Amino acid sequence: MTHQPLEIQVIVAATIGGIVILNAAILWFMPRLTRPDLYFAVTVPPGFPNGPDGKSILGRYRKELMLVSVLALVVFVAGITLLGISFGPAGPLIQTAAGFIAFYRARNRVLPHAVQPTMIREAELQPYTRIIPGGWIAASGPFVLLGLCAGYFWIHGSSPARGIIYALTMNVSLIGLTVLLYGLAHWVRPVYSGGPERARELQFRRTVAAVILGAEYYITIQSLWLLLVPPHQGLISLGLFPLALIFALVVIVVLARLGQGGSRLAPPQKSATTSGAPVGDRTADRYWKLGVFYFNPDDSAIVVEKRFGLGYSLNFARPTTWGIMALLLIAPLVAVLARVTQFLPKRV
Amino acid sequence: MYKLLFACASPVMLRIDLASRVPVYEQIANGLRAELVSGKFNPGEKLPTVRTLAINLGVHHNTVAEAYRQLANEGWLELKRHRGAIIRERDHPEAGPDTMERFTRPLRELVAKGLADGLSPSSLAREMIETARGLEERTSP
């Protein structure tokens with residue numbers, strides 16, 4: 001087994017450690033970034049989060065989150081020290097699992113206060129044109145870059161096997177993200193169909209679309225960098241890893257300022273529904289398995305707003321969802337398998 | 001900058017209540033028919049596709065498809081695969097002998113429900129007159 005230089009190990013460990021701390025910070029603030037009628041993925045009466053029960057639940061959640069996050073960090077540092085840098089990716093996984101436990105316990109405390117969300121649904125009848133300015137040109141950019149890279153390898157005849165594997169896995173991954181981008185334009189069920197809430201929602205959706213496109217370009221450029229920079233310049237090739245952290249940080253700050261569905265852009269307004277019931281995200285709580293997985297066979301929407309988090313989730317009752325998941329997961333799986341079988345040269 | 005632009009025309013809304021005892025497909029058909037009768041759409045215009053409307057309402061696409069089929073059978077819509085529903089020029093049908101009876105019975109039931117829920121007879125009468133007048137104005141050439 002080959003050992004990486006110390007500097008590389010430090011950079012990778014610091015980046016992963018940073019992701020762990022960032023993850024904890026997001027989970028700390030998340031309950032206040034969701035829609036006002038949703039609290040720990042449960043539909044609640046308006047004003048509940050600011051009431052005594054809501055504040056008490058939030059306080060306990062944050063204490064537990066801090067405890068499990070510190071434990072996760074200790075396990076991460078101990079793992080890195082004892083087992084080496086290969087233990088690194090386990091850090092964010094441990095943190096996420098620990099954070100989920102804190103979330104799930106808080107959700108159980110909110111459930112007795114749950115109320116039925118409004119059953120009123122609205123939709124615009126006049127079909128509207130969805131235009132993606134520069135869309136397909138911009139979206140095809142990463143594929144063009146991959147094609148150019150493949151051409152470079154073909155002309156120079158260097159590392160064809162590695163190039164083909166990288167290009168194939170990258171293409172599949174990018175196709176998955178592009179499908180997701182298309183889904184944001186066509187498969188999202190809006191929570192509001194009109195008024196200022198809808199305008200804010202669209203602004204949020206546009207921002208998420210820009211983030212996905214940015215991620216596509218980032219992944220492509222990083223992969224091309226790793227392919228084209230000679231292996232012995234490992235430190236240089238790692239230059240883009242800390243950038244991932246900066247990219248994630250910028251995205252989180254931008255989305256947090258908008259709030260889920262753009263709900264923080266202006267003070268919450270009274271819903272247009274006549275029933276007076278909270279709007280939430282217009283889905284019943286029972287369709288949210290464990291509070292995070294949306295499974296509703298009667299809903300044709302494939303992409304829905306997350307209840308606890310910023311961005312969108314998928315309706316796991318739709319077959320298309322599983323196709324998207326396969327496209328998104330196949331690339332990392334192939335990369336891991338290739339690495340395990342020593343097919344690819346050892347690189348960090 | 002990657003942007004999604006949703007260029008909207010003047011919004012005509014369809015509203016349904018999933019808690020209602022009226023089947024959802026019927027609510028959709030009734031809502032669409034009301035808009036078609038009021039003249040907010042011209043022949044040749046398109047309605048959203050079944051999938052789009054189902055996604056926006058958060059219901060199964062078969063539910064919307066059933067409502068569209070019902071309206072197509074009544075002559076309001078022309079359904080084309082992958083092209084959505086196109087509004088048709090519809091001849092005014094002759095009212096049959098039992099048409100008025102089929103209309104007045106649910107109307108009486110609705111009025112009784114309104115009265116039972118506390119609405120005054122005068123407010124109900126005013127609402128019905130205004131509705132009828134509005135429809136008459138919109139549909140008159």
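In what order do the three strands of the open sheet in chain B stand? The order is β3-β5-β4, with antiparallel pairing. The model is a predicted one, in which local features need pLDDT of at least 70 and side-chain atom pairs count only at pLDDT 80 or more, while totals for chains, interfaces and linings use all residues. Residues are numbered from 1 along each chain as its sequence is written, chains are lettered from A and ligands numbered from 1 in the order in which they are written.

**Confidence**

- The complex has an ipTM of 0.76 and a pTM of 0.77 from the predictor.
- Chain A averages a pLDDT (the predictor's confidence in each residue, from 0 to 100) of 80, and 81% of its residues score at least 70.
- In chain B the mean pLDDT is 83, with 90% of residues at 70 or more.
- Residues 1-9 of chain B have a pLDDT below 50, yet this stretch has 26 contacts beyond near neighbours in sequence; a contact means C-beta atoms, placed from the backbone, within 7 Å.

**The sheet of chain B**

- Strands here are DSSP runs (E, at least two residues), as are helices (H or I, at least four), numbered from the N terminus.
- The edge strands of chain B are β3 (46-47) and β4 (77-80), each pairing on one side only; pairing requires at least two DSSP bridges between two strands.
- Four bridges join β4(B) to strand β5 (residues 84-87) of chain B in the antiparallel sense.
- B:Leu77 lies opposite B:Ile87 of β5(B).
- Helix α3(B) packs on the sheet and touches β4 and β5 of chain B.
- The direction of α3(B) makes about 125° with that of β4(B), taking axes as lines fitted to C-alpha atoms, for helices over the stretch in contact, and angles from 0 to 180 degrees between N-to-C directions.

How values were computed. Contact = placed C-beta atoms within 7 Å.
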